[in-house]
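Please read them with the model open.

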Amino acid sequence: MNPYSWNAPWFIVACGLFVIVMLRANGTYWLGRGISAGTSRTKYASLLDSAGYHRAQSWLDRWGAPVVSACFLMVGVQTLVLLAAGVGRMSMRRFMPAVVLGCILWALLYSTIGFVGISAVMALYAYSPVLTWLLGALAVAGLTAYILVRVRQRRREKLA
């Protein structure tokens with residue numbers, strides 16, 4: 001589904017993509033909530049009452065919103081993050097602003113440069129799959145290093 005073939009003004013395409021991703025994101029979240037509710041009626045209900053699960057829920061409420069927003073920019077991670085937010089029963093007051101921001105970013109990205117970027121990666125892969133994987137690994141390593149540096153800086157600031 002290429003939005004450039006919709007024969008509509010850019011703003012309409014961006015709004016259409018926003019609506020599509022909002023429905024998908026919230027559907028995935030509520031599927032996770034349903035899984036959690038269903039699990040509470042099975043022999044595995046004790047897992048939902050464990051201390052570890054409650055710590056995970058607390059962590060999700062504290063740190064989950066930035067992860068939810070950022071997952072829209074990472075191909076292949078979005079569904080898992082949104083499902084985990086639902087299963088973990090992330091509060092709606094934190095989930096909705098995060099998902100709205102993520103959906104706006106996703107719609108803007110895909111209605112402007114998204115398909116051009118995907119086409120460029122596909123062309124690079126056709127030229128050299130090894131180079132594509134190496135550049136992808138380098139990008140992931142760089143992002144990971146950046147995140148680790150930021151986490152360490154915040155920890156130092158809290159300790160100071």
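1. Phe 11 lies in helix H1; helices are DSSP runs of H or I with at least four residues, numbered from the N terminus. Phe 11 is exposed because its relative accessible area is 53%, and exposed means over 50% (buried is under 20%, partly exposed in between; 1.4 Å probe, protein chains only).

2. This is a predicted model, in which local features need pLDDT of at least 70 and side-chain atom pairs count only at pLDDT 80 or more, while totals for chains, interfaces and linings use all residues. Residues are numbered from 1 along each chain as its sequence is written, and side-chain values use heavy atoms, without hydrogens and water.

3. The mean pLDDT (the predictor's confidence in each residue, from 0 to 100) is 86 for the protein, and 97% of its residues reach 70 or more.

4. Which residues make the nonpolar surface patch of about 490 Å²? They are Trp 10, Phe 11, Ile 12, Ile 104 and Leu 108. H1 and H5 are the elements that give two or more residues to the patch, and H1 gives the most, three. Patch residues have over 30% relative accessible area and no salt bridge (a Lys or Arg side-chain nitrogen within 4 Å of an Asp or Glu carboxyl oxygen), and nonpolar side chains (Val, Leu, Ile, Met, Phe, Trp, Tyr) are joined within 5 Å, like charges within 9 Å. Accessible areas come from the Shrake-Rupley method with a 1.4 Å probe.

5. Leu 108 is found in helix H5 (residues 92–127). Leu 108 is partly exposed, with a relative accessible area of 37%.
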